[in-house]
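Subject: Structure for you to look at

Dear colleague,

I am handing over the structure below, together with some notes on what was found in it. Please read them with the view open beside you.

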Amino acid sequence: MYSELRSQVLKLLSVHTRLDGRKPHEYRKPMKVEYGVVKTAEGSAKVTIGETEVIAGVKLEIMSPYPDTPDEGSIMVGVELLPLSSPEFEPGPPSIRAVELARVVDRGIRESKAIDFKSLCLEKGEKAWMIVIDICTFNDAGNLFDASALAALAAIKNTKFPELVDGKIVYKEKTDQGIDVQEEPISVTVLKIGDHFIIDPDNEEELVAEARLTVALMSNGQLCALQKGGDSALTLDDISKMIDLAAEGSKTLRGLL
Amino acid sequence: MTYERRIDGRKFDEIRPMEAKVGVIKRADGSAMFRFGNTIAYAAVYGPRNLYPKFLQDPAQGILRCYYNMMPFSSSGERVRPGGSRRSKEISMVTEKALKTVLNLKEYPNSVVDVFIELPQTEAGSRCAGICAASMALADAGLIMKDMVSAISVGRVDDKVVVDLDYSEESYDGIVADIPIAYLPTLGKITLLQMDGIVPKKMLIDALQQGIKACQKISEVQKKALKQKYVLEGVEDVQ
């Protein structure tokens with residue numbers, strides 16, 4: 001499948017360039033994060049990377065804490081691959097792609113301890129905040145992983161808690177209090193095509209890549225989540241190179257926040 | 001009771017601030033954004049394209065499918081659970097009927113035209129904003145259309161006929177009727193008509209007349225946005 005496209009991509013990579021003229025380790029432009037784009041959400045952000053656009057919105061709910069962590073709140077991440085954003089996406093229940101994407105974003109935030117779940121507790125064993133982050137794709141021009149993770153983090157940073165009256169949320173009244181963000185995990189996805197590694201793939205590159213590695217990095221350079229994708233196997237050497245590339249790429253994304 | 005002044009200070013026949021833009025979603029064949037105040041709708045058109053499963057194909061004409069969806073964070077109250085509801089199904093259906101008559105689907109046998117309407121932020125009037133955006137997106141996709149479709153909600157609050165009800169009016173503690181309509185400004189016909197509330201016939205006709213006037217204004221905004229896509233920056237307009 002796509003053998004013509006693949007050989008074209010490989011030919012270009014052998015001279016360090018890509019279909020759109022970029023270098024292998026270069027993000028597309030424009031790149032930006034816009035905060036507070038949805039007034040009805042408690043927090044929101046839109047991320048643009050080239051022609052890829054995603055919106056993340058945060059809604060806050062009251063949950064009863066899980067029995068094994070009675071003094072903690074939690075987060076929930078959902079991804080909607082909206083059929084409006086690509087001819088490939090169809091209406092209906094979340095596809096496996098959407099589920100994987102949501103879980104990878106969730107893991108980056110959860111494992112980096114970006115949010116102190118204990119700070120979300122309202123009443124031990126009874127009530128805690130649940131931070132629900134929904135990511136909606138607007139235009140899928142490739143690299144939804146990096147865009148979604150960045151949008152989710154930016155939306156969390158943009159969130160203001162609503163008022164609580166008698167234990168019930170008054171959504172219309174926002175307080176000045178935001179979520180205490182202790183760490184900013186950045187996800188970077190590296191693709192392997194032939195012997196080459198690239199970041200920020202477009203749709204065509206995603207079609208012809210044989211393997212993918214999403215690396216979530218903390219501000220101190222440590223890794224906090226990984227997800228390998230694609231049908232081909234990776235060597236230790238591949239993985240090492242891909243992590244180095246991700247670390248390099250994360251600097252660009254971190255600068256946008 | 002008498003409704004002296006609108007809660008947000010608008011005139012009784014005044015539409016909330018509107019904004020319209022086409023070509024907002026690059027991968028779509030046609031796309032548009034339409035905004036009434038705090039209600040924002042995006043629409044993307046894909047097609048005419050192949051229709052699968054094949055048994056759904058109609059060799060006599062193409063089919064139109066509309067999907068109306070509120071994003072999970074688009075309501076100022078609780079989160080909207082993804083996956084659709086009875087409400088969104090019904091709105092998808094009436095949207096389809098509101099748009100279908102302006103298309104010539106016989107041109108696209110065995111094919112489908114998909115219209116996806118997404119609302120990132122809502123505050124009353126979302127089906128009307130969706131129809132306005134969808135109509136522009138169909139035009140942006142280059143489909144042959146007999147007319148534009150413009151939509152607005154009209155109604156009554158106590159003794160007054162009002163145009164473009166906002167949330168404070170929809171939930172007003174008094175007699176309220178909410179009547180969303182879609183109108184074909186050139187053909188002079190109504191393609192969407194629903195009502196919640198109580199209204200005498202005379203008042204209904206008055207409200208519809210005001211709605212038609214509002215739709216004519218809306219269609220100008222839609223047409224301007226469609227033309228705007230082809231305006232080159234820094235080039236003088238040649239009349």
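Please keep in mind throughout that this is a predicted model. To begin with the two chains, 30 residues of chain A are in contact with 24 residues of chain B. On the chain A side of this contact, the elements that give two or more residues are strand 3 (52-63), strand 4 (74-80), strand 6 (127-139) and strand 8 (168-178) of chain A. Sorted by class, that side of chain A has 15 nonpolar, seven polar and eight charged residues.

Next comes a sheet in chain A, where four strands are arranged in the order 10-9-11-12, forming an open sheet with antiparallel pairing. Strand 10 (196-199) and strand 12 (223-229) of chain A each have a single partner strand and stand at the edges, so one side of each is left without a neighbour in the sheet. On average, and with direction ignored, neighbouring strands of this sheet are turned by 20° against each other.

Strand 11 (residues 211-217) of chain A is joined to strand 12 of chain A by six bridges, the two running antiparallel. Within this pairing, T214(A) stands opposite Q227(A), and V215(A) stands opposite L226(A). The hairpin of these two strands has five residues between the strands, and G221(A) takes a positive phi near 90° there. Strand 11 of chain A is also joined to strand 9 of chain A, by seven bridges and again in antiparallel fashion, with I186(A) standing opposite L217(A) of strand 11 of chain A.

Helix 3 (residues 144-157) of chain A lies across strand 9 (186-193) and strand 11 of chain A, and runs at about 180° to strand 9 of chain A. Helix 5 (residues 236-254) of chain A lies across strand 9, strand 10, strand 11 and strand 12 of chain A, and runs at about 135° to strand 9 of chain A.

Leaving aside neighbours within four places in sequence, I133(A) is in contact with A56(A), V58(A), I75(A), V77(A), A152(A), A155(A) and I156(A).

Methods: Residues are numbered from 1 along each chain as its sequence is written. Chains are lettered from A and ligands numbered from 1 in the order in which they are written. This is a predicted model: local features need pLDDT of at least 70, side-chain atom pairs count only at pLDDT 80 or more; totals for chains, interfaces and linings use all residues. Two residues are in contact if their C-beta atoms, placed from the backbone, lie within 7 Å. Ala, Val, Leu, Ile, Met, Phe, Trp, Tyr, Cys and Pro count as nonpolar, Asp, Glu, Lys and Arg as charged, and the others, Gly among them, as polar. Two strands pair if DSSP finds at least two bridges between them. Axes are lines fitted to C-alpha atoms, for helices over the stretch in contact, and angles run from 0 to 180 degrees between N-to-C directions.
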